[in-house]
Amino acid sequence: MLNFAYANQTGGLIMSYNVREMLNSYIGGLENLSKTNPEHVGAFMGLLGAAYEPKALDIKTKELMSVAIGCYNRCEYCIVYHSYKALEAGATKEEIIEAAMVAVAFGGGPSIAYSVTLLEECIKEFQNDFK
């Protein structure tokens, strides 16, 4: 899922994620798995449905929490999916980055590495989808 897309200031290659492809791959993977394991995927989706049901916390807040958890856990597909869903729920770039910085407070260097690379790519790619 990585593309070597551009050179840095010293001429070295910088890895660039194709986050749109990652998002589609994840969603398609769930759909494919549900054909062979419908009870497992159904149970997972039921858990997600219950967890993301807006109650005391709205969906935007829950998606921001999910972005932070994804950055903390270094889960690339979680970061991609939940940054997309956070933007869809009305989160701003600033809110998403601030949520990620809470993860950095707990996760240190690895969390900031994902925040300044993959998360930034996600925001750049997806933010115009919801304007």
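Trainee: Is Cys-122 buried or exposed in this predicted model?

Mentor: A residue is called buried when its relative accessible area is under 20%. The relative accessibility of Cys-122 is 0%, so this cysteine counts as buried.

Trainee: Why is Cys-71 in no disulfide?

Mentor: Cys-71 is itself buried, with a relative accessible area of 0%. A disulfide requires two cysteine sulfur atoms within 2.5 Å. The sulfur of Cys-122 is too far for a bond, because its distance from the sulfur of Cys-71, the closest cysteine sulfur, is 8.7 Å.

Trainee: Is the link of Cys-75 and Cys-78 right-handed or left-handed?

Mentor: Cys-75 is partly exposed at 24% relative accessibility, and Cys-78 is partly exposed at 30%. The angle about their S-S bond is 65°. The link of Cys-75 and Cys-78 is therefore, by the handedness assigned to it, right-handed.

Trainee: Where is Arg-74 placed, a residue other than glycine with a positive phi?

Mentor: Most residues other than glycine have a negative phi. Arg-74 has a phi near 60° and counts as partly exposed, at 41% relative accessibility. Its place is in the loop between α3 (59-73) and α4.

Trainee: In what order do the elements of the chain run from the N terminus on?

Mentor: The chain has 131 residues, and buried residues make up 30% of them. Its secondary structure comes to five helices and two strands. From the N terminus on, the order is β-β-α-α-α-α-α.

Trainee: How far apart are the end C-alpha atoms of helix α5?

Mentor: Helix α5 covers residues 93-126, which is 34 residues. At 1.5 Å a residue, a straight helix would reach 50 Å. The end C-alpha atoms of α5 fall short of that span, being only 10 Å apart.

Trainee: At which residue does α5 bend?

Mentor: The bend in α5 is about 145°. A proline, Pro-110, follows within four residues of the bend. The residue at which α5 bends is Gly-107.

Trainee: How many Å apart in space are Glu-120 and Ile-97, C-alpha to C-alpha?

Mentor: Glu-120 lies in helix α5 and is partly exposed, with a relative accessible area of 22%. In sequence, Glu-120 and Ile-97 are 23 residues apart. In space, their C-alpha atoms are separated by 8.5 Å.

Trainee: Which residues lie nearest the centre of the largest pocket?

Mentor: The largest pocket holds about 340 Å³ of space. Its lining is made up of 16 residues, divided into eleven nonpolar, two polar and three charged. Those nearest the centre are Tyr-26, Leu-30, Leu-48, Tyr-81 and His-82.

Trainee: Which helix gives the largest share of the lining of the largest pocket?

Mentor: At least two residues of the lining come from each of α1 (19-36), α2 (38-51) and α4 (76-88). The largest share is five residues. The helix that supplies this share is α4.

How values were computed: Residues numbered from 1 in each chain as written. Predicted model: local features only at pLDDT ≥ 70, side-chain atom pairs only at ≥ 80, totals over all residues. Heavy atoms only, no water. 1 Å grid on protein atoms, 1.4 Å probe; cavity = no way out; pocket = protein on both sides within 12 Å on 5 of 7 lines; lining within 4 Å. Points joined across faces, edges and corners; volume = space filled by probe spheres on them. Nonpolar A, V, L, I, M, F, W, Y, C, P; charged D, E, K, R; others polar. Buried < 20%, exposed > 50% of the residue type's maximum accessible area, 1.4 Å probe, protein only. Expected span 1.5 Å × (residues − 1). Bend = angle between axes of the 7 residues up to and from the residue.
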